[in-house]
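Here is a friendly walk through a model with its sequence alongside. Please keep both in view as you read.

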Amino acid sequence: MTVSRTGPLPTTAYDLTVVGAGVVGCALARELVRRAPGARIALLDAADDVGEGTSKANTAILHTGFDAVPGSLEARLVHEGSRQLAQYAAESGIPVEPVGALLVAWDAAQRAALPGLAAKAERNGHRATRIIEPDELVATEPHLGPGARGALDVPGESIICPWTTTLAHATQAVRAGVDLHLNSRVTAVTWDGCGHHVATAGRGTLDTRWLVNAAGLHADTVDRLLGHDTLTVTPRRGQLIVYDKFARDLVRHILLPVPTALGKGVLVAPTVYGNVLLGPTAEDLDDKRATHTTADALDRLRAAGRRILPPLVDEEVTAVYAGLRTVTDQDDYRIDARPDQHYVTVGGIRSTGLTACMGIAAYVADLLADSGCTDLGRARDLPPVTMPNLGEAFPRPYQDPELIARDPEFGTIVCHCERVTRGEIRDALATTIPPASLEGLRRRTRARAGRCQGFSCGAAVRELFGRGNGGRA
Amino acid sequence: MTPAVRRVDVLVVGSGPAGLAAATRLATAGLDVEVLERDQQAGGVPRHCRHGGFGTPWHPLNGPGYASRAVRAAENAGAAVRTGVTALGWADATTPALDTVGAHGHERIAARAVLLATGARERSRAARLIPGTRPAGILTTGELQQSVHLFGQYVGARAVVVGTGRIGHAAVGTLRRAGVAVAALVTDRPAAPRDLDARLRLGIPVLTRTTPAEILGSPRATGLRVRRADGRTAVLPCDTVVLTGDLAPDHDLARRGALLLDPGTRAPATDGASRTSRSGVYAIGNLAHVTWTARMAAAEGRRVGAVVLRDLGAD
Ligand SMILES: Cc1cc2nc3c(=O)[nH]c(=O)nc-3n(C[C@H](O)[C@H](O)[C@H](O)COP(=O)(O)OP(=O)(O)OC[C@H]3O[C@@H](n4cnc5c(N)ncnc54)[C@H](O)[C@@H]3O)c2cc1C
Ligand SMILES: Cc1cc2nc3c(=O)[nH]c(=O)nc-3n(C[C@H](O)[C@H](O)[C@H](O)COP(=O)(O)OP(=O)(O)OC[C@H]3O[C@@H](n4cnc5c(N)ncnc54)[C@H](O)[C@@H]3O)c2cc1C
């Protein structure tokens, strides 16, 4: 098993290399090792951990694809991918809660749009939607603000843990033989007619016969390294507010806005960690590093939240973050193969990549095989992974008397707000892909993710992290 | 599986100044008193306040000295102080009984009276809605003091301190002790006498009527943008921002127990004698009063002792 963060990259050539260890790249690496057990496969990322890009900062919804553009590649891969991911999640311990969604109409125009949305859902293969009247709406969501005109009920929309999803795929891929090289930003690629020389910032070069670009926001930059100028990605920022767990009982469904000609509003959604999300904004920017939050966006979100779910904004805010969607000149994914260059671009994954990651992975593997990549054969089953549970709907270690009896470290809570035990932190530091930072530890355990944000436990968690990492903190 | 129930007379949640003072008083009166503390050491917040200001003018004490005296007093009086035990929630909707977990496993403890003394915390950067990047180097005084005094961790090189209350000035002391330069103190208030001392004696600029507007830098903080009352902004270069004061009650158990809250502070509402809306449950110390000093919290702990004795008919 190879996970490297420092030192020169291996000199032995790879058969297949994936650039970008977001949820898409990790799912793809797993799919490739399933289909090409004998091949040498590398997964590279510029960051010091998997899932450090858009994959860590989204709305964490496992979509049904009811509102996709019918007939698009995105519609198809969301449809296929969501089913695959739901099953994979159940097998691997990725928390998912099928809470369902309500598209709430707040005015006559939105109300009038509901039948059209139901028809679109039907064209996307979702026949279970139905329009509910204000009385029923208020009965199921009693804390909703006044003035709702009805809603489209979309069963099947679910919430999921994005961090565990990325990590599960990466872990399984690495255990099956994929080499994961972090801190490896690709800066130049030369194609010599049968393979690529891939240069990185600081870690030397790597040779590979096939190259897949899953660099998310930077897919266009990587494309240009290979001489292609057909893709331009612009970032669309989404800022989100995470409310305290005390807000969780205020809402049962994902409350989606009804999209109209005037744009898309914000949603209110529970998280699998037991919090409530409010957001995202949609701001077209040109800086791909602009993941900071802004005062006026937070004001606007809070104003919207006060209308949708008034008591929500009285609860304390636990976290505020922003993610960047990839926008291109088309309303669809941009997945293109260039067989004579042994190269595939997985670009423009818009705002559904978490849901669709496994559908995208299978599609890209087929595309590689069709392009002449002979390493790929029929998929085999990999040994299953069991990820530590971060979800509130499933038993957490501190709740498990037998586990504590076997190992008292699971009865010793360190992060009190999130009830994370010393046993979980110890185990996270010893996993296949250990965290490289406190933020990485947070995404693996929830430590320091709670309402106190470290007031009570921050120093103690840092101490455990430093000790488990030879003082690196 | 319903866990076996153990019974005590009085169960105190939290071993800060308030909880320990109450336990001391009640154990002295002969009751069977147990204190639960989720941390590995008892004493509450003063445990990591390595500065003075805890004793009396005649008998000055620093925080850890004060905390260990309080723990000893409770134990000498006969109270059982159990560390590493978290009170998770209520056994049912009405009785004063709590479910707990620790290294030994789960236990349900029923009491004739439950005293909630879970304290208050400083609001986080997110709770204060300070926008910007999410770098390392943003912390509250509570985390700062634990980092420096309990673990001797590296904090940073140059800090801005937000808030000039008592806790803000304590943060300045901790930073200086840890060798961190203090670039500025920032407060939305007009200048107070204590601020003059920081300015004159320590040479630290105090920016009054100024609020944090944006955190800059990634992966480590590089600065704090601040806004003056007149709307002008300025960037204070720093790798550390300490957010002080702005306390919120740690009311997790109170809310899990559906206790009535004070609409302003969101602390459990009490009747003036520390009784909450739930029979047999009391709220004391900074859980109820949020901003009190340790001495005031401890005084209330002693006072509630008499109330509980009366309510239990044990006086
Ligand atoms: C606000 C918001 C809400 C969203 N909500 C949802 C949702 O509810 N459900 C859903 O399904 N999807 C959602 N999405 C979309 C989803 O998050 C993305 O589609 C998905 O994370 C994309 O994954 P990725 O692997 O393509 O990209 P990323 O996660 O961005 O991964 C790309 C990786 O490539 C690396 N990289 C880039 N350049 C280089 C280089 N030169 N060399 C090496 N590595 C490089 C980066 O470091 C990064 O790790 C949302 C997105 C946003 C922004
Ligand atoms: C950074 C900072 C500096 C301060 N400096 C000073 C000073 O110099 N002088 C001064 O007089 N005052 C100071 N104060 C105020 C002082 O700390 C408080 O007045 C005092 O600690 C309040 O006591 P308490 O018993 O109410 O709560 P705390 O001291 O906060 O104790 C609460 C205890 O309850 C425990 N607990 C919480 N929930 C649970 C649970 N579910 N199960 C088990 N245990 C639980 C906590 O771990 C904690 O130990 C400072 C406060 C802060 C935040």
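This is a predicted model: local features need pLDDT of at least 70, side-chain atom pairs count only at pLDDT 80 or more; totals for chains, interfaces and linings use all residues.

Residues are numbered from 1 along each chain as its sequence is written, chains are lettered from A and ligands numbered from 1 in the order in which they are written, and side-chain values use heavy atoms, with hydrogens and water left out.

**Chain A as a whole**

Let us start with chain A, which has twelve helices and 23 strands; helices (H or I, at least four residues) and strands (E, at least two) are DSSP runs, numbered from the N terminus. Its radius of gyration, taken over C-alpha atoms, is 22 Å, close to the 23 Å that the globule rule gives for 473 residues, so chain A is as compact as a globular protein of that length. That rule is 2.2 Å times the number of residues to the power 0.38. Along the principal axes, the C-alpha atoms of chain A fill a box of roughly 65 × 55 × 40 Å. Of the 473 residues in chain A, 62% are buried, where buried means under 20% relative accessible area, exposed over 50% and partly exposed in between (1.4 Å probe, protein chains only).

Contacts here are heavy atoms within 4.5 Å, and the table leaves out neighbours up to four places away in sequence.

| Residue | Relative accessibility | Contacts |
|---|---|---|
| Gly348(A) | 1% | Thr326(A), Thr328(A), Asp332(A), Tyr333(A), Arg334(A) |
| Thr24(B) | 17% | Ala70(B), Ala73(B), Ala74(B), Ala77(B) |

Gly348(A) sits in the loop between strand 21 (343-347) and helix 8 (353-370) of chain A. Thr24(B) belongs to helix 1 (residues 17-28) of chain B, and a polar atom of its side chain lies 2.7 Å from the backbone oxygen of Leu20(B).

**A helix pair in chain B**

Helix 4 (residues 166-177) and helix 5 (residues 193-202) of chain B have axes that come within 10 Å and cross at roughly 25°. Axes are lines fitted to C-alpha atoms, for helices over the stretch in contact, with angles running from 0 to 180 degrees between N-to-C directions. The two helices of chain B are therefore roughly parallel to each other, a label for angles under 35 degrees. Helix 4 of chain B contributes Arg166(B), His169(B), Val172(B) and Arg176(B), and helix 5 of chain B contributes Arg194(B), Asp195(B), Ala198(B) and Leu202(B).

Methods. A polar contact is a pair of N or O atoms within 3.5 Å; within protein, one must be able to donate a hydrogen and the other to accept it, and residues adjacent in sequence count only if both atoms are side-chain atoms. Angles under 35 degrees count as roughly parallel, over 145 as roughly antiparallel, 65 to 115 as roughly perpendicular and the rest as oblique.
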